Amino acid sequence: MKHWLTLLISTSFIAGCIDTDPAQSLVETYAERTSRAIDIDFDLQLNKTSKLYPILPDRRERTETLRPITEGLIDVLDLKQCGLIDLIAQRNTSLGKLAGGSQRLIYELGFIPKLRSCQKLLTGDSSQTDVLARVQEINQIKSDNWPKQIWNSLYSSPEMEHHFSLGAAPLLPDADYSTSELMLTMQRFAEIAETQNNTDWQTPSFANELERDYETLYRSNFGSEWLASMALLTQVLEQTSEAINQRLNDRPICFNQRQNQKSEILWNVFMKFYVNSLQPYIAQVERTGRQWSNLHQAIIASLNLPQSRWLDTYTHPEGEVWSRYLKARENHTQSWQNILDQCGLRPGNQN
């Protein structure tokens with residue numbers, strides 16, 4: 001008895017380990033049912049995401065070079081009237097010099113507005129002419145570095161990197177990311193990038209909470225899961241439309257648009273497995289993916305840096321991920337319309 005119980009538990013465990021993930025199961029079921037309905041045998045061949053899309057460029061290739069500020073030049077800012085003493089002291093500590101991307105971004109969000117206020121304070125004071133000139137020089141360097149600093153702090157960070165890895169499982173059907181904490185986090189980064197277009201911006205109220213936003217990035221796998229979903233959908237749409245087109249080139253399912261038993265099966269598959277099953281997942285992946293992509297594109301537009309071009313591959317409407325998917329979706333829709341037309345079943349045109 002114990003032997004059989006152990007075997008049963010082991011068998012259940014193994015079966016659980018090899019279960020297909022829900023998204024893959026969904027598309028495989030759709031492809032299999034469509035294959036039966038059109039009498040075209042095809043096995044859905046699903047390549048890994050890394051076979052469809054390019055890998056993330058090396059971090060060194062994604063990092064912008066910042067113009068350095070000499071140690072002697074920064075010492076001039078040890079001015080009580082500018083309120084920069086604490087920030088400079090923080091920077092000069094060993095911890096400050098080794099700070100990661102998040103801490104550097106938080107530091108600059110507090111430092112730059114105070115530096116610009118300092119320049120305004122010193123302007124017109126004849127006794128501070130030399131100091132003002134050095135403050136202006138530092139301000140110019142900071143201004144030139146600012147979009148690059150934002151970029152490096154976000155897109156060279158390990159927290160963001162894993163969102164563009166190509167080894168995750170697809171998004172779960174019915175999961176809602178559209179109003180998630182991740183999207184709110186990305187919105188805050190877009191607001192930070194927008195400061196590049198405003199010379200008189202102030203430290204955002206959420207600046208001291210950015211560590212929590214980086215943690216949100218770290219704890220989420222949305223980007224990599226979304227890329228896996230796009231790869232999954234692109235392949236099933238491409239291969240299913242190819243099979244439907246093959247049937248269209250063979251003997252028609254219906255003659256003279258007269259419906260029959262095969263057309264009834266075709267219509268049931270179309271409604272049950274495409275309209276009511278696959279399409280909701282397509283809508284979910286598109287909706288959340290557009291929100292994710294648009295936020296990245298907003299950041300790119302504000303920063304306007306050459307290094308951002310690699311990001312277009314994944315998030316731009318004409319980039320590799322979106323363009324191949326949209327083409328597959330369009331061809332798939334057209335294929336279904338054509339085969340339903342054979343039987344007078346095209347949605348909106350049924351008798």
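Modeller: By class, the lining of the second largest pocket has nine polar, three charged and three nonpolar residues. The model is predicted, and the volume of this pocket comes to about 250 Å³. Among its 15 lining residues, those closest to the centre are Gly100, Gly101, Asn152, Ser153 and Ser156. In the class count, Gly is placed among the polar residues, a convention to keep in mind when reading the figure of nine polar residues.

As for the disulfide, the count comes to one. Cys254 is joined to Cys343, with an S to S distance of 1.9 Å, which lies within the 2.5 Å cut-off for such a pair. The angle about the S-S bond is 95 degrees, and the link of Cys254 and Cys343 is right-handed. Distant parts of the chain are linked in this way, the two cysteines being 89 residues apart. Cys254 sits in the loop between α13 (222-248) and α14 (261-303), whereas Cys343 belongs to the segment after α16 (320-342). Cys254 has a relative accessible area of 4% and is therefore buried, because the class takes in values under 20%. Cys343 is buried as well, its relative accessible area being 0%.

Key: Residues numbered from 1 in each chain as written. Predicted model: local features only at pLDDT ≥ 70, side-chain atom pairs only at ≥ 80, totals over all residues. Heavy atoms only, no water. 1 Å grid on protein atoms, 1.4 Å probe; cavity = no way out; pocket = protein on both sides within 12 Å on 5 of 7 lines; lining within 4 Å. Points joined across faces, edges and corners; volume = space filled by probe spheres on them. Helix = DSSP H or I, 4+ residues; strand = E, 2+ residues; numbered from the N terminus. Buried < 20%, exposed > 50% of the residue type's maximum accessible area, 1.4 Å probe, protein only.
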